[in-house]
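Q: Can you walk me through how these labels get decided? I'd like to see each call set against its rule.

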Amino acid sequence: MFNMSTLFSCVGGLENLFPLCGVERTTKNASNRTKQSRNQSPYRRIEICTMSMADEPLYPIAVLIDELKNDDIQLRLNSIRRLSTIARALGEERTRKELIPFLSENNDDDDEVLLAMAEELGVFIPYVGGVEYAHVLLPPLETLCTVEETCVRDKAVESLCRIGSQMRESDLVDYFVPLVKRLAAGEWFTARVSACGLFHIAYPSASETLKAELRSVFSQLCQDDMPMVRRAAATNLGKFAATVEPTHLKADIMQIFDDLTQDDQDSVRLLAVEGCAALGKLLEPQDCVAHILPVIVNFSQDKSWRVRYMVANQLYELCEAVGPEPTKTDLVPAYVRLLRDNEAEVRIAAAGKVTKFSRILSPELAVQHILPCVKELSSDSSQHVRSALASVIMGMAPVLGKDATIEQLLPIFLSLLKDEFPDVRLNIISKLDQVNQVIGIDLLSQSLLPAIVELAEDRHWRVRLAIIEYIPLLASQLGVGFFDDKLGALCMQWLQDKVYSIRDAAANNLKRLAEEFGPDWAMQHIVPQVLDMIKNPHYLYRMTVLRAISLLAPVMGSEITCSKLLPVVVTASKDRVPNIKFNVAKVLQSLVPIVDHSVVEKSIKPCLVELAEDPDVDVRYFANQALQSIDQVMMSS
């Protein structure tokens with residue numbers, strides 16, 4: 001039977017196939033690649049060989065190999081993404097001995113191709129013979145770890161970590177640890193940056209001597225002359241620390257951490273802030289208080305706003321690590337400073353964590369220390385600070401309890417609901433249900449409902465949209481009577497809004513209200529008003545009525561649909577505007593499953609037949625589509 005070995009015997013084996021297919025195994029700049037026409041290309045010999053045999057599908061494999069060195073970037077990229085196909089065709093041994101060395105020597109200069117190669121090699125262990133031979137994948141990835149493009153290096157490091165986590169311990173010591181040491185000693189900073197992300201894989205399997213050496217090498221990287229290397233070390237410190245023994249954690253790792261926290265580059269220090277949270281989880285509470293807490297307090301007053309910004313993002317996580325007492329004495333004052341920071345970006349980050357931080361504290365501490373800052377932030381000069389606060393402040397209501405919410409938070413809610421910046425109002429509206437759970441619907445309706453009614457006519461359509469989406473929830477909590485008095489008219493008003501998204505949301509809102517209060521209520525309060533709008537002189541509003549009918553019909557049931565809704569739709573089929581008529585066809589199609597077959601035959605079908613002869617092409621199209629759908633339903637039933 002013809003197989004891949006037969007193919008390669010035809011062309012002299014893979015060693016000959018690479019040059020035959022234009023895949024030269026010599027290091028060469030992409031710009032110097034020789035161009036060959038199809039008639040000159042040596043893979044013509046492969047084509048002749050394979051096409052003369054019974055098994056044709058192998059020919060594309062040869063083409064894929066040929067494309068590895070094609071001048072066209074897209075062809076090379078396609079071939080790299082099909083490396084697993086090539087490897088399966090070659091077999092495990094030839095993949096190890098020929099394909100992987102070729103990839104190691106491949107000097108492609110396109111970052112997209114290199115990125116694809118780094119990604120493919122990360123899942124290549126099954127194609128080289130399993131975990132036993134995983135080490136053969138390290139050389140090409142080591143080369144990719146040294147390239148200039150950051151995303152390629154990151155993907156290569158990710159693939160090395162994936163492979164290293166599956167390798168045998170002996171192979172890690174023999175192959176992976178030396179690779180890490182070579183990269184760490186690299187002359188070009190890119191290699192040293194990549195090395196920082198590999199220590200947590202290499203360290204656990206190393207001997208005590210090697211572990212000491214790896215800790216020393218990592219320490220040197222943290223003091224590297226290049227800030228990029230120190231940043232990479234700071235980023236990966238938490239992962240590395242998680243693999244280090246407790247005794248060395250306190251001694252070696254904490255010394256490395258101290259060096260990073262005092263770095264003269266703020267880009268390094270801000271990454272050390274993330275290390276605080278990671279190390280805090282590894283240390284005992286008393287050690288965390290002794291080593292991490294002073295650093296965080298200092299960072300909260302750092303001269304760089306970027307560092308303070310990172311502290312504001314991470315602070316609440318550290319509270320759990322250090323315990324309640326240090327939180328009360330040290331971290332609360334630090335957080336208050338961040339809430340009152342001079343830089344708006346820091347206040348934004350701190351304001352966004354105000355609810356999470358309050359949950360860690362007792363209600364008394366939150367009222368005493370956090371609430372005064374919240375009041376200040378609600379009138380902050382930066383609209384983005386107010387928006388960040390509005391997105392989370394509702395979550396403070398369950399933390400503070402009913403009395404404090406009524407007395408302290410409600411005035412803040414009202415001021416934010418009337419904010420001139422629409423995003424602030426939106427963020428408050430979207431979380432009103434959290435307040436209702438604490439203070440009850442009666443107080444909510446008395447204090448906040450007037451502001452909600454005002455926002456229902458807000459000049460920004462996104463605010464009106466948010467109010468509409470909140471109405472069904474509010475309706476279920478207010479009850480039928482209160483809803484009819486206060487909000488019923490608004491729901492009909494939105495159907496004639498100038499913005500399509502509002503009209504569409506209003507139609508959906510009517511459906512949800514009908515589901516909530518029942519068909520009888522809808523028949524009395526919604527349906528008559530909706531049907532009256534079909535006489536509106538503006539065709540867009542008449543289209544909204546058709547949309548509302550299609551949504552209400554399934555809720556109202558067959559009887560009301562046939563007696564009230566269907567006649568209006570049939571009448572609309574005589575409209576002078578084609579857009580109305582083809583929407584009538586759509587609505588009639590949607591009504592078929594709801595009404596009886598006799599109604600379909602007597603009312604719906606004749607109307608569609610008439611529309612199918614309309615002068616407008618779109619009307620005819622949708623009418624015929626509806627008729628076909630009806631025929632299919634009739635046949636299936």
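A: A salt bridge is a side-chain nitrogen of Lys or Arg within 4 Å of a carboxyl oxygen of Asp or Glu. Keep in mind that this is a predicted model, where local features need pLDDT of at least 70, side-chain atom pairs count only at pLDDT 80 or more, and totals for chains, interfaces and linings use all residues. Residues are numbered from 1 along each chain as its sequence is written, and side-chain values use heavy atoms, leaving out hydrogens and water.

Q: What makes the patch of Asp109, Asp111, Glu148 and Glu149 negative?
A: Asp and Glu count as negative, Lys and Arg as positive, while His and the chain ends are not counted. The four members are Asp109, Asp111, Glu148 and Glu149, so the patch is negative.

Q: Why is Asp111 called partly exposed?
A: Buried means under 20% relative accessible area, exposed over 50%, and partly exposed in between (1.4 Å probe, protein chains only). Asp111 has 36%, so it's partly exposed.

Q: Why does Ser159 count as buried?
A: Its relative accessibility is 2%, so it falls under the 20% cut-off.

Q: What is Ser159 in contact with, leaving aside neighbours within four places in sequence?
A: Ser159 is in contact (heavy atoms within 4.5 Å) with Ala118, Glu119, Gly122 and Leu141.

Q: Why does Pro178 count as partly exposed?
A: Pro178 has 26% relative accessibility, so it sits between the 20% and 50% limits.

Methods. Patch = residues over 30% accessible without salt bridge, like charges linked within 9 Å, V, L, I, M, F, W, Y side chains within 5 Å. Areas by Shrake-Rupley, 256 points an atom, 1.4 Å probe, with all protein chains shown as cover. Charge placed at Lys NZ, Arg CZ, Asp CG, Glu CD.
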